[in-house]
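Have the picture open while you read.

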Amino acid sequence: MTAHPLHRVRHALIGAALALLAACVTATASAAGFPADSGIVNVRDHGARGDGNADDTQAIRAAISAARVDQGKVFWPSRIVYFPAGTYRITDTLAKRDEQGRYLASMALIGESAASTRLRLDDAAPGFTEPRSPKPMIFTASTLLNGQPGAGGKDYLGKGEGNDAYGNFVENLTIDVGRGNPGAVGIDFLASNSGAIRHVRLTGAEGSGRVGISMDRKWPGPLLLSDVQIDGFAIGISVSQREYGVTMEGVTLTRQSEVGLRNNGNVISMRKVTIETGSVALQNLAAEGLIVADRLSVRLTKREARFTDNRGYLTLKGGRVDSPDGRSVAADGSASVAAASDGAYFGALRLADYAPGWTLDVPPTPPTPAPAVARWANVVKFGARPDADEDSTEAIRAAMQSGAEAVYFPSGRYTISDTIDVPAKVRRIAGMFSSLNVARQRAAGLDGETGMFRVATGGEPLTIERIAFDNLGRGAQLGVDHTGERTVVLQDVIAAGTGLVHRAVGGGVLFLENTCCGPMVIAGPNGAWARQFNTEGAGVRIINDGAPLSILGLKTEQNATAVQNIGRATTDILGGLLYIVNPAAPDALRPAFINDPRARLSAAFAETVYREGASYRAYVAVPDASSGASPAVETMRAADQPARGRGHIVPGMVVGARR
């Protein structure tokens, strides 16, 4: 569509939209802030009582089935299964399957709040009483989009394993495994690229509960755990496999009888994790496992308790361990190490050549705005047409300009032909797991470097959440153009066939939480703070032109340069996985990082390589300072680092200018 017909209908659309405004903003909403017409599936509408007496298992399963969305071979479509306040009695596992019993992904279970919404397992529930055969209350799985069900050694048919576990979320709930269920697992969680457990409490009575959160199936991550509390269970959190990385922030583990946090070979990136136990706080079972911990706090409640059982790589900074009698705590049964002392360790051995080098003080992500329902606008009521391949540009613009503080997209796929400017009044854009794509006929001003959303104003922080910028097969495109001085939060945002965000020199502070998969460019002096940042593709994935950038949990895919630091940029990478799946090629010779001589880079990460000869030759290269030309000097040669299969592991490094 050309610009001319857009202008011909603009005034008519806006007039109709304004006439609909009163109806739009008076729509009822759930107590969790989801408007009733947003496409959520309420478990009460499918027979769940939430009174603590009725068995709600089948009703919840019916709601999960009703939330199924099929939009082709893509990984973001989902509808939220919502639990109003109440206690929901559970007697069997909650999972998502199709009519033939095959496992499906995109299961988003979200309650009103962890304080008001509880899923409780019956005491001594059949199937949950045998610790040698653990059984979960909540079970998220992978879809099988292509390939064979046993490819890569996975058991998709039997265990729902795989790396297509997209769109799995558990939020705002308390999970109670009851009494007499020593084989119960609170959440058996599998998620790929963009998945999270947030604001969740898991509790098990004494002797009840095998694992609070299990992430042991093939292959967990990238995913995020944020604001999670686990009280009781034999094991608080258990992680396995070599791929693809787990990020944790604000996690508290108490009263585990065996192990607080266990890792068997994966990469765990964590900040502000607290463990209180009378057993083993931190267990790292495999030599290829890496745990990177910022401000880990451990309190041992018994004399025989241990801080770590570390058989892999462990990088610590700003941690603390308290014991009952104030004694020095042993890292394992044979060697004494200063408890939580800053440094990198292999087993009980401190690695002199590696150090935790991160220095940036990272602020918390601003809370998601929750305006009253009267200040929400539904783009459909302004004329947007989901799943219709019709241009919704003017309808979305009208919703943005309606005076609403929150604009939402009921579940579906929306098409635009021009940039959508976000006014200062709008504080929240709620995608509801919808997608936005660009029409093949577009306005002249919408080129590949122009954002689908443009944030060019000041004002209060803006949150953009649960939306996919999808332009696969339609040419280069940018998701968010951030030129204004206001703070922007991208949460659960997907960039497929697009760049994720370009923050200009004058752009405000940028937060990224649980984002995937496009590249990013940031410039200017304001901070960019990321938690669980997954970027996939070739070339340079992140260009940092002079900004302070911190990433807790980075994952790349293909033979890419993860970060290029320009000017006086500072980049801290606290844990991550560089994942090389392609055969050896010229791109295999590109460095993992490019660092300007004036810039500073610190990183701790692991590398997985599946093709012989495809690993990085050098992790860091420095451009010629006089010409700014392509990297001329290689530092941190990969072959000099500890091996991890065909790849390597870097427990810590600092390169570049001192600050």
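What follows is a short tour of some strands and their partners.

A quick note before we start: this is a predicted model, where local features need pLDDT of at least 70, side-chain atom pairs count only at pLDDT 80 or more, and totals for chains, interfaces and linings use all residues. Residues are numbered from 1 along each chain as its sequence is written, and side-chain values use heavy atoms, with hydrogens and water left out.

Strands here are DSSP runs of E, at least two residues long, numbered from the N terminus. Two of them pair if DSSP finds at least two bridges between them. Strands of a sheet pair through backbone hydrogen bonds, either parallel or antiparallel.

Now for the open sheet: seven strands build it in the order 7-9-11-13-15-18-21, with parallel pairing. Strand 7 (135-139) and strand 21 (306-310) are its edges, as each pairs on one side only. At the strand 21 end, Q283 has D309 as its bridge partner.

| Strand pair | Bridges |
|---|---|
| strand 18 (residues 280-284) and strand 21 | four bridges |
| strand 16 (residues 267-271) and strand 19 | five bridges |
| strand 19 and strand 22 (residues 313-317) | five bridges |
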